[in-house]
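Student: I'd like a close look at just one part of this model. Could you walk me through it?

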Amino acid sequence: WARSRRVDNLRVAGQFEAAWRLLEAQENGAAPAESAAWFWRQAIKVRVLDAIGRPDAAQDLALQVLEGDISGASNGTRAVVFEFRGNAFAESDEEAARADWAHAVALYLAAGMHGEATQLSARFLPQSILQEGPAN
């Protein structure tokens, strides 16, 4: 957990390349596949891949993670992979993408991650509302 926390701290601090280098250095960590720690690490990796300009790799990893049983993952972790699977479907299947994003918003809210939920929910608002800004 400590190594994954450090990677996530680097990601949050905007040090994406350093986070990626640390992820690569610990590629074969001790967390067993499909454990809560493994899922969390995969979610961090998805976010870091996206942040370093590799959105296709991030989406591919999210798809791989969701092929298995994700019941052992936290709500926040599941939200990340659903969000990125939605991103993967965005151009080919808008209905599937929107379903994944809605699922991710609900999971973010359940995890208390309101900022992420708010940001993702903006995809459901008409462009005219986004251009006007907040009403109050």
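Student: Which helices do the buried residues of α6 pack against?

Tutor: Keep in mind that this is a predicted model. The buried residues of α6 pack against α3 (36–51), α5 (75–89) and α7 (114–121). Let's start with the helix itself. α6 covers residues 94–110, and its 17 residues should span 24 Å at 1.5 Å a residue; the end C-alpha atoms are 24 Å apart, which agrees. Its buried residues are Ala97, Asp100, Trp101, Ala104, Val105, Leu107 and Tyr108. They take up an arc of only 170 degrees around the axis, which puts them on the same side of α6.

Asp100 meets Arg85 in a salt bridge, 2.7 Å from N to O. That pair links distant parts of the chain, as Asp100 sits in helix α6 and Arg85 in helix α5, 15 residues apart. Asp100 counts as buried because its relative accessibility is 5%, while Arg85, at 21%, counts as partly exposed.

Two of the packing partners are also joined by a salt bridge: Glu116 and Arg47 meet at 4.0 Å, N to O. Glu116 lies in helix α7 and Arg47 in helix α3, so this pair ties together parts that are 69 residues apart in sequence. Here Glu116 is partly exposed at 29% relative accessible area, and Arg47 is buried at 16%.

Technical notes: Residues numbered from 1 in each chain as written. Predicted model: local features only at pLDDT ≥ 70, side-chain atom pairs only at ≥ 80, totals over all residues. Heavy atoms only, no water. Helix = DSSP H or I, 4+ residues; strand = E, 2+ residues; numbered from the N terminus. Expected span 1.5 Å × (residues − 1). Buried < 20%, exposed > 50% of the residue type's maximum accessible area, 1.4 Å probe, protein only. Arc of directions from axis to C-beta. Contact = heavy atoms within 4.5 Å. Salt bridge = Lys/Arg side-chain N within 4 Å of Asp/Glu carboxyl O.
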